[in-house]
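Q: Could you walk me through how to read some features of a protein model? I would like the general idea each time, and then the case at hand.

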Amino acid sequence: MANEEDDPVVQEIDVYLAKSLAEKLYLFQYPVRPASMTYDDIPHLSAKIKPKQQKVELEMAIDTLNPNYCRSKGEQIALNVDGACADETSTYSSKLMDKQTFCSSQTTSNTSRYAAALYRQGELHLTPLHGILQLRPSFSYLDKADAKHREREAANEGDSSQDEAEDDVKQITVRFSRPESEQARQRRVQSYEFLQKKHAEEPWVHLHYYGLRDSRSEHERQYLLCPGSSGVENTELVKSPSEYLMMLMPPSQEEEKDKPVAPSNVLSMAQLRTLPLADQIKILMKNVKVMPFANLMSLLGPSIDSVAVLRGIQKVAMLVQGNWVVKSDILYPKDSSSPHSGVPAEVLCRGRDFVMWKFTQSRWVVRKEVATVTKLCAEDVKDFLEHMAVVRINKGWEFILPYDGEFIKKHPDVVQRQHMLWTGIQAKLEKVYNLVKETMPKKPDAQSGPAGLVCGDQRIQVAKTKAQQNHALLERELQRRKEQLRVPAVPPGVRIKEEPVSEEGEEDEEQEAEEEPMDTSPSGLHSKLANGLPLGRAAGTDSFNGHPPQGCASTPVARELKAFVEATFQRQFVLTLSELKRLFNLHLASLPPGHTLFSGISDRMLQDTVLAAGCKQILVPFPPQTAASPDEQKVFALWESGDMSDQVLLEIFSKNYRVRRNMIQSRLTQECGEDLSKQEVDKVLKDCCVSYGGMWYLKGTVQS
């Protein structure tokens, strides 16, 4: 208490943290000068900087009229540097050393402990320093003088030995350098000579110097003040007692040196948990490569939310047999290459995706099959398999982890989303590797258990047993249907014409009778067909334009689907059903887990929504030899909200598969009643068509 009374608090000062120049403020330390002289009194001739290296050079004038300046020495230095002849490239154009260059060097790499302070009106404003540079005199002019001296000596020696050099003829051997390997290139890039060359190649950026009393300097000085006086923007200055004590008394360097130094690629769990959740998941998956979700949650800690982990794991890994496998682009980033064969990262990612996709189909993969399809070397294929499988003698490579059925049952929305992603990857792999299209199961990860490796004899036996069981079931079903047809329930007053039926067509008619019950009402024909469609389908459509009625859009799924369709056709006026389904799958992959659209959208529901959104199906007459699939031959275009020119163009393509430009322009001019400019025609064609081989096609109808 006595000490506190002897040392009273004189004044309390509010401290603010200014951030306007936090990433731009540098402190320059000049050589010691007399206290009476400030650097604002010395003319700054020029300033330049290399931003990447944080290197600065300043040129300052020397007072040659000062009595302490030795004029004869200055003239001698200028003569040695520039020679007798002065030109534009001369360092000292006045033939006198009248300027001096100062070059910077970094004093410390950690500037977080330093700040610039400005005290004004009872407030102390701190701005963190981005760098501290010491400016020291540069004596590069001496190197230039030495180079001039060596050139003069070489010229004198060259005159005396010119005659002897003409007689001395030497044989020259030409050698071609071998291709540089990846390891040699890495060593060369990390060498000291290469780094020095890169530093020298960085261009100088010239700066303009403003004096202390300049208006621009006064304007920039205002950024050293914190704009707000409230404590909201200065939460960095609010520390807990333990943090403040650590700042005042940091651990000594000796204690830090006693701690064992881990390798650069090793990260402890304590260090890992200081990182953001997304970085923790990425680092763990990159090191482990294959992991069940339960193990990942145990490593991250019990306090981590599983929903956030599910959201983060889908960004860096793919679901294979209920387990998570790290994505290929995480292991092979862009601009990298294979250490074995030098193959670029894009080819490696494609090959590894093929291996992962094969494991979604089966527990086993054969290495020779992977090498044959991907055309990669054996070492690369072995690396792919070792990431996620173990070798079994005389069997192949088995997936390293057991099937995780518990995760599949607990998270069906995640499984559905991953299925969409695998469907897109499968289509890409089939196109790149020219694979025979294989039908993936609707929910590959929802099977009861992992598929086993079964020999040929066992497969034949299983197939025979199933065929016998199915045959018995079909026989019983056929007998039941025959009995029902023998005693049909026909209302009174209705006469049914009986015709002989052949034995072969009996089963087909029975199947039709089950799918579509016979209508025996007097108005059967009119009630059976509405707008030329079966009653079941016409009930969901408008009798005027084929659009679904407004009532069907009342459900959340229908509203979400209609919003997606309208937004898609506003961006792309013409789409095939195949392209629309692909865009819809990408849209599903971007949605959060548990979204209403994951309930299942059929092709029929998607087409009805397209028609309800103001679109129309264009019946493009595809040629008989076309390779387009049925979904690619269904073309839809925005109709109700489109321009007159767009509708005319779509009518042209409803009669022709491909059209020349002059025909389109003449038809547009005829229908629109005025001459359209080339820019207007180009806009219409750009929205709806694509040019290929001198002809114009509707978008999506031509395969390049």
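A: Gladly, and let's begin with handedness: a crossing is left-handed if the near helix is turned anticlockwise from the far one by less than a right angle, and right-handed if clockwise. Helices (H or I, at least four residues) and strands (E, at least two) are DSSP runs, numbered from the N terminus. This is a predicted model, in which local features need pLDDT of at least 70 and side-chain atom pairs count only at pLDDT 80 or more, while totals for chains, interfaces and linings use all residues. Residues are numbered from 1 along each chain as its sequence is written, and side-chain values use heavy atoms, with hydrogens and water left out.

Q: In which hand does α16 pass α17?
A: The crossing is right-handed. For the geometry, axes are lines fitted to C-alpha atoms, for helices over the stretch in contact, and angles run from 0 to 180 degrees between N-to-C directions. Helix α16 (residues 367-374) packs against helix α17 (residues 378-388) at about 120°, and their axes are 10 Å apart. Angles under 35 degrees count as roughly parallel, over 145 as roughly antiparallel, 65 to 115 as roughly perpendicular and the rest as oblique; α16 and α17 are therefore oblique to each other.

Q: Which residues of α16 and α17 make the contact?
A: Contact means heavy atoms within 4.5 Å. From α16 come Arg 367, Val 370, Ala 371 and Thr 374, and from α17 Ala 378, Val 381, Lys 382 and Leu 385. These residues divide into five nonpolar, one polar and two charged, where Ala, Val, Leu, Ile, Met, Phe, Trp, Tyr, Cys and Pro count as nonpolar, Asp, Glu, Lys and Arg as charged, and the others, Gly among them, as polar.

Q: How do I read a sheet, and what is the strand order in the one with β13, β14 and β15?
A: Strands of a sheet pair through backbone hydrogen bonds, either parallel or antiparallel. Two strands pair if DSSP finds at least two bridges between them. Here the three strands form an open, antiparallel sheet in the order β13-β15-β14. Its edge strands, β13 (364-365) and β14 (389-392), each pair on one side only. Two bridges link β13 with β15 (residues 396-399), and Val 365 has Trp 397 as its bridge partner.

Q: Do β1 and β6 run parallel or antiparallel to β7?
A: β1 (residues 14-17) is parallel to β7 (residues 123-128), with four bridges, and Tyr 16 stands opposite His 125. β6 (residues 115-120) is antiparallel to β7, with six bridges, and Ala 117 faces Leu 126 across that pairing.

Q: Where does phi turn positive in the hairpin of β6 and β7?
A: Most residues other than glycine have a negative phi, and most peptide bonds are trans. In this hairpin, which has two residues between the strands, Gln 121 takes a positive phi near 55°. Lys 289 also has a positive phi, near 75°, and lies in the loop between α11 (277-288) and β10 (290-291).

Q: How many aromatic pairs does a search of the whole structure find?
A: Rings of Phe, Tyr and Trp (its six-membered ring) pair if their centres lie within 6.5 Å; planes under 30 degrees apart count as stacked, over 60 as edge-to-face and the rest as tilted. The search finds seven pairs. One of them is the tilted pair of Phe 293 and Phe 407, at 5.4 Å centre to centre and 45° between the planes. Phe 293 lies in helix α12 (residues 293-300) and Phe 407 in helix α18 (residues 405-410), so the pair ties together parts that are 114 residues apart in sequence.
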